[in-house]
Amino acid sequence: MVRKVSRRRVLGGIGAGTGVALAGCLDGNGEGNGNGNGNGNGNGNGNGNGNGTGDSDEPDVMVGTLLPVTGDLGSLGAPIRDAAILPGRQLEDEGVAYDIDIREEDTETDPQAGISGAQALADAGYPSVTGAASSAVTIAVAEDIFFPNEVVGISPASTSPDITDMDGDYLLRTAPSDAWQGEAMAEIAYEEEGAETLSTFFLNNDYGQGLQDTIVSNFEDLGGEVYEEVAFEPEQPSYDSELQSALADDPDLMVVIGYPDSGEQIFRDYYINFDNDHTIMVPDGLQDNALPGNVDNPMSNVIGTAPSARGPEAETFNEMFEDEYGEGPGVFTGQAYDATAVHILAQLRAGDLSGSAVSAEIREVANPGGEEIGPSNLADGLDMAANGEEIQYQGASSAVNFDDNGDMEAVTYDLFEFDEDGYHVTDTIEFES
């Protein structure tokens, strides 16, 4: 059962993160990234072996990242990837005595590309993976690769409610389920925006369908009426006809669920063909600072919700991310850092680079009970984990407590608004199971 805990106004707003990919996050030729520390990707394109040239043939830690640097989620996915590899860079800079190998694969926001990348990681012996991001990719990868090969996946960004009922030992997530976000969006639409009718315009995949179903169910339970439920395909040259269908009955509010590349075209078409007099609500998939500029409209009629990153060590992570990449973190970046950090600690505690051994230690290093370890003292946690000491990871995004299904036990959502400079957070809602 999900329970809403509290809601608070964010005074003065909060500086938003960035969705801009950083060219400096990979060495162009891989030099210095595939050496004895094993922390790189070998050749700068996500396909190197990263095994290094240390004294042991096998690294102490092998974590894969499976995230969308290209495709419909590319603009959001690149910073998420940057955060996922940050623990390795941090530990390398701190000179830890462990050989940590982090290898990158690009899902291209496509299930088949994700499956290929996951297969490459499984074949190379990586027992656990940070990823994927898109729910459709994560579900496909889990069913085809993670479960059969006993590879532990922790998604930092997949929010489909369908993931809850999958294998919680081999598929977990630091991102919250849209079962909560759908409730929050419906409540905001009906109770705060005063919308008695709405239509949904959603990406035709697991993420879009799952979230829109949850919104519709909760909105109707509150007493609202849903006019149209219109699915769309990604990255189309025009969405004019689909938008006409969604807005045909002039709903009080329209929910748009999608990713940035498609979102740019959707909102261009909307502002060209409509009078900008509809309230539009979007979720995390469209929380992109670059969107108003790319659409060439301040998008002042658009509000949104997204999982927050307000964990016990959010400030430490934010500073680390900006120091490393020269930009502030964005949506799901804290969740990505936390996923990789948990993988590293669980692998060292397991003392065995097999997925089954790592799976048994995930909750041992993350859930309550033991010395608190987080971004600020991650290096100290390595020896503690390797020695089998009791630790609990306290993260950038949340306290990172996994329930039996692999979901977070408590989460916070940001409410945000767009303007010509991007988005800014105005409020938060907290939920716990």
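A residue is called buried here when its relative accessible area is under 20%, exposed when over 50%, and partly exposed in between (1.4 Å probe, protein chains only). At 16% relative accessibility, Thr412 therefore counts as buried. The model is predicted: local features need pLDDT of at least 70, side-chain atom pairs count only at pLDDT 80 or more, and totals for chains, interfaces and linings use all residues. Residues are numbered from 1 along each chain as its sequence is written, and side-chain values use heavy atoms, with hydrogens and water left out.

**Confidence**

- The chain has a mean pLDDT (the predictor's confidence in each residue, from 0 to 100) of 88, and 87% of its residues reach 70 or more.
- Residues 1-55 have pLDDT below 50, and this stretch has 138 contacts in the model beyond near neighbours in sequence; contact means heavy atoms within 4.5 Å.

**The parallel sheet**

- Helices (H or I, at least four residues) and strands (E, at least two) are DSSP runs, numbered from the N terminus.
- Two strands pair if DSSP finds at least two bridges between them.
- Five strands form an open sheet in the order E3-E2-E4-E5-E6, with parallel pairing.
- Strands E3 (100-106) and E6 (171-173) stand at the edges with a single partner strand each, so one side of each lacks a neighbour in the sheet.
- Neighbouring strands of this sheet are turned by 25° against each other on average, direction ignored; axes are lines fitted to C-alpha atoms, for helices over the stretch in contact, and angles run from 0 to 180 degrees between N-to-C directions.
- E4 (residues 128-131) pairs with E5 (residues 152-155) in the parallel sense over 3 bridges, and Thr130 stands opposite Ile154 in E5.
- Helix H11 (residues 355-366) lies across E4, E5 and E6, and runs at about 45° to E5.

- E2 (residues 61-67) and E3 are parallel partners over 7 bridges, with Leu67 opposite Asp106 in E3.
- From E2 the chain crosses through helix H1 (residues 74-93) to E3, and this β-α-β crossover is right-handed; that is, with the strands pointing away from the viewer, the path from the first strand over the helix to the second runs clockwise.

**Helix H12**

- In helix H12 (residues 378-386), the buried residues are Leu378, Gly381, Leu382, Met384 and Ala385.
- The elements covering these buried residues include H1, E3, helix H10 (333-350), strand E12 (371-373) and strand E13 (391-393).

**Strand E14 and its antiparallel partners**

- E14 (residues 410-419) is mostly covered, with 7 of its 10 residues buried.
- Strand E11 (residues 302-307) is joined to E14 by 5 bridges and runs antiparallel to it; Ala306 stands opposite Asp414 in E14.
- E14 is also joined to strand E15 (residues 422-432), by 10 bridges and in the antiparallel sense, and Asp419 stands opposite Gly422 in E15.
- E14 and E15 form a hairpin with 2 residues between them.
- Thr412 lies in E14.
- Leaving aside residues up to four places away in sequence, Thr412 touches Ala306, Pro307, Ser308, Arg310, Thr428, Ile429 and Glu430.
- The C-alpha atoms of Thr412 and Pro176 are separated by 8.7 Å, while the two residues are 236 residues apart along the chain.

**Backbone exceptions in loops**

- Most residues other than glycine have a negative phi, and most peptide bonds are trans.
- Gly131 and Ala132 are joined by a cis peptide bond with omega of about 0°; Ala132 is placed in the loop between E4 and helix H3 (135-149).
- Thr109 is not a glycine but has a positive phi of about 55°.
- Thr109 lies in the loop between E3 and helix H2 (111-123), and at 16% relative accessibility Thr109 counts as buried.
- Val400, in the loop between E13 and E14, is a residue other than glycine with a positive phi near 60°.
- At 1% relative accessibility, Val400 counts as buried.
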